[in-house]
Amino acid sequence: ATVAAPAVAGASARRCLRRMDQYTKEVVELLQDVEKAAFVPPSQPEKVEAVVSKMTALYKRANDLQEADGYDGSPSAVMGPRVCMLTLARLQRCLLAYLRCRMERIEQVRWDLAGAMDDASKAHLSRHELSYSERFNELLAEFQMAYDLDLTRDYQPPEDLYVRVNVLQDIGQFIGPESGQPLELKRGDHTLLRRGDIEHLIRQGLLEHSR
């Protein structure tokens, strides 16, 4: 005996709606974690995999409902498959938003620090994100070398070529990237320097503007 498709699909739709929180639990937690984090929260591949598994299950469920005996394509019959596919689409959008947010923050670190990411931040990335970060840095470096530019030097349009700063940590000797002059900075120093030589150190929190 066959079961009427509208009754089967309608009941399935109601079950899908009741289970919405169950389906979205992991992806909502991922979004909440990344929203709260100053950089990115530690990578959670098990939750990402759980979301993908649920998307796969929803797709299979939608197909099974459409292949059930008595499915006639009526508005009530398509209700169950439609709920499954809409839930799948929602999970997909949320997961992509989570991953893109992490990528944007990884990119932003390169501009903010004008240098390599520290080990503590790297520990929060997945191996794919580490590869992405390394390749992003390589492409930016290649572009700057090709056109002899330092795109990370002036994060904000400078008002003066020189800036007075307080040195917050021992930095030691280095060559100013703009002036090419040897410089040495020690904690407690108060000095006037070319902005282009020390802008990256200000962003890294090693120097601060002196008032």
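## Aromatic pairs, a helix and a sheet

Guide: The count of aromatic pairs comes to two in this predicted model, under the rule that rings pair if their centres lie within 6.5 Å.

Visitor: What makes tyrosine 132 and phenylalanine 136 a pair, and why is that pair called stacked?

Guide: Their centres are 6.4 Å apart, and the limit for pairing is 6.5 Å, so the two rings count as a pair. The angle between their planes is 25 degrees, and because planes under 30 degrees apart count as stacked, the pair of tyrosine 132 and phenylalanine 136 takes that name.

Visitor: Why is the pair of phenylalanine 143 and tyrosine 147 called tilted?

Guide: Here the rings lie 4.9 Å apart, centre to centre, with 45 degrees between the planes.

Visitor: How does the reach of helix α6 compare with what is expected?

Guide: Helix α6 runs over residues 127–147, which gives 21 residues. From its first C-alpha to its last it reaches 31 Å, close to the 30 Å expected at 1.5 Å a residue.

Visitor: How do you know on which side of α6 the buried residues lie?

Guide: The residues in question are Glu129, Ser133, Leu140 and Gln144, which are buried in α6. They cover an arc of only 45 degrees around the axis, and therefore they lie on the same side of the helix. The buried residues of α6 pack against α4 (79–113), whereas the face turned away from the buried side carries the exposed residues Arg127, His128, Met145 and Ala146. Just after α6, aspartate 148 takes a positive phi of about 50 degrees.

Visitor: What makes β4 and β5 edge strands?

Guide: Three strands form an open sheet with antiparallel pairing, in the order β4-β1-β5. Strands β4 (190–194) and β5 (207–209) each pair on one side only, and they are the edge strands. From one strand to the next, the twist averages 45 degrees.

Visitor: How many bridges join β1 to β4?

Guide: Five bridges join strand β1 (residues 162–167) to β4, and two strands pair with at least two bridges, so β1 and β4 count as paired. Valine 163 stands opposite leucine 193 in β4. Helix α7 (residues 195–203) lies across β1, β4 and β5, and runs at about 115 degrees to β4.

Visitor: How many helices and strands are there in the protein chain?

Guide: The protein chain has seven helices and five strands, and buried residues make up 35% of its 211 residues.

Technical notes. Residues are numbered from 1 along each chain as its sequence is written. This is a predicted model: local features need pLDDT of at least 70, side-chain atom pairs count only at pLDDT 80 or more; totals for chains, interfaces and linings use all residues. Side-chain values use heavy atoms; hydrogens and water are left out. Helices (H or I, at least four residues) and strands (E, at least two) are DSSP runs, numbered from the N terminus. The expected span of a helix is 1.5 Å times one less than its number of residues. Buried means under 20% relative accessible area, exposed over 50%, partly exposed in between (1.4 Å probe, protein chains only). The arc is that of the directions from the helix axis to the C-beta atoms. Contact means heavy atoms within 4.5 Å. Axes are lines fitted to C-alpha atoms, for helices over the stretch in contact, and angles run from 0 to 180 degrees between N-to-C directions. Rings of Phe, Tyr and Trp (its six-membered ring) pair if their centres lie within 6.5 Å; planes under 30 degrees apart count as stacked, over 60 as edge-to-face and the rest as tilted.
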